[in-house]
Amino acid sequence: MCLAAACASATLARRLSPSTALPRRFLLGAPTRPSPPPPLLRRCLPFHFYHMAQYWTQPSLDRNKAMVEYLKQYGAVRTDKVKEVMETIDRALFVPEGTPYIDSPMPIGFNATISAPHMHATCLELLKDHLQPGMHALDVGSGSGYLTACFAMMVGPEGRAVGIEHVPEIVASSVENVQRSAAAPLLRDGSLSFHVTDGRLGFPDAAPYDAIHVGAAAPEIPQPLLDQLKPGGRMVIPVGTYSQD
């Protein structure tokens, strides 16, 4: 589902071990002095169609790498780890219609969208330390399967990446997308999987998770997701009804 359409920015939810103090800046409702948004969370400038005329709709790793380089120039991609995985997973394989290499959400059917590339980059940067080889990651509202595939590439075959989505047709499409991508071997060996289920309930079978990403806004953080987050893990989720944090 589209995180870009659901929220203006992302908030971090941590489940900490009992011995760990919660940083004041992460306390919900805690008074803080106004400060400019960090560069990572600033929306990078969108690709303009007249700048992207040469970027056709057909899959192309060269054009995909050019898109990632653009995101790096504007600060959305900040680390080599995120740059490498976004270059490896060709976004065009996950966009059934439209122009995949522009910085904009694209429809994937059933009133759903794939998020803009800068939002994927932002989430990967926020979660990268919790997507180390061997770790477990959950993508709630996995949609096209793009971000779940990126998670799988980062945690590797010794880890586990799970995508959950409530629309069966979207899940079937995401599996087909991944089968054409560099993450296909991980899908075959079972370290990457997709499931039809209610995202609010998470996926206990592969819990606890080092990283959880939620692609649609929730009025509040669902308790089952907090229960499935590993102590010291990190969750990125837009929270709110009319406006999100």
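1. The crossing of α2 and α3 is right-handed. This is a predicted model. The two axes, of α2 (residues 61-73) and α3 (residues 80-88), come within 8 Å and cross at roughly 150 degrees. Angles over 145 degrees count as roughly antiparallel, and α2 and α3 are therefore roughly antiparallel to each other.

2. Which residues make the contact of α2 and α3? From α2 come L61, N64, K65, V68, E69, L71 and K72. From α3 come K83, M86, E87 and T88. By class, the residues of this contact divide into four nonpolar, two polar and five charged.

3. Next, α4 and α5. The axes of α4 and α5 (residues 146-155) come within 11 Å and cross at roughly 30 degrees. The crossing of α4 past α5 is right-handed. On the α4 side the contact uses H120, C123, L124 and L127. On the α5 side it uses Y146, L147, C150, F151 and M154. The residues of this contact divide into eight nonpolar, one polar and no charged.

4. H120 deserves a separate look. It sits in helix α4 (residues 117-127). Is H120 buried or exposed? Its relative accessibility is 7%, so H120 counts as buried; the cut-off for buried is under 20%. Leaving out residues up to four places away in sequence, H120 touches R91, I114, S115, Y146 and L147. Of these, Y146 and L147 are also among the α5 residues in the contact with α4.

5. Strands β2 (residues 106-109) and β3 (residues 112-114) pair in the antiparallel sense, over three bridges. M106 has I114 of β3 as its bridge partner. I114 is also one of the residues that H120 touches. Two residues lie between the strands of the hairpin, and F110 takes a positive phi near 60 degrees.

6. Last, G199. This residue lies in the loop between β6 (192-196) and β7 (209-214). Its relative accessible area is 18%, so G199 is buried. Which residues does G199 contact, neighbours within four places in sequence aside? They are V140, I164 and L225. G199 and L225 are 26 residues apart in sequence, and their C-alpha atoms are 8.8 Å apart in space.

Notes
Residues are numbered from 1 along each chain as its sequence is written. This is a predicted model: local features need pLDDT of at least 70, side-chain atom pairs count only at pLDDT 80 or more; totals for chains, interfaces and linings use all residues. Side-chain values use heavy atoms; hydrogens and water are left out. Helices (H or I, at least four residues) and strands (E, at least two) are DSSP runs, numbered from the N terminus. Buried means under 20% relative accessible area, exposed over 50%, partly exposed in between (1.4 Å probe, protein chains only). Contact means heavy atoms within 4.5 Å. Axes are lines fitted to C-alpha atoms, for helices over the stretch in contact, and angles run from 0 to 180 degrees between N-to-C directions. Angles under 35 degrees count as roughly parallel, over 145 as roughly antiparallel, 65 to 115 as roughly perpendicular and the rest as oblique. A crossing is left-handed if the near helix is turned anticlockwise from the far one by less than a right angle, and right-handed if clockwise. Ala, Val, Leu, Ile, Met, Phe, Trp, Tyr, Cys and Pro count as nonpolar, Asp, Glu, Lys and Arg as charged, and the others, Gly among them, as polar. Two strands pair if DSSP finds at least two bridges between them.
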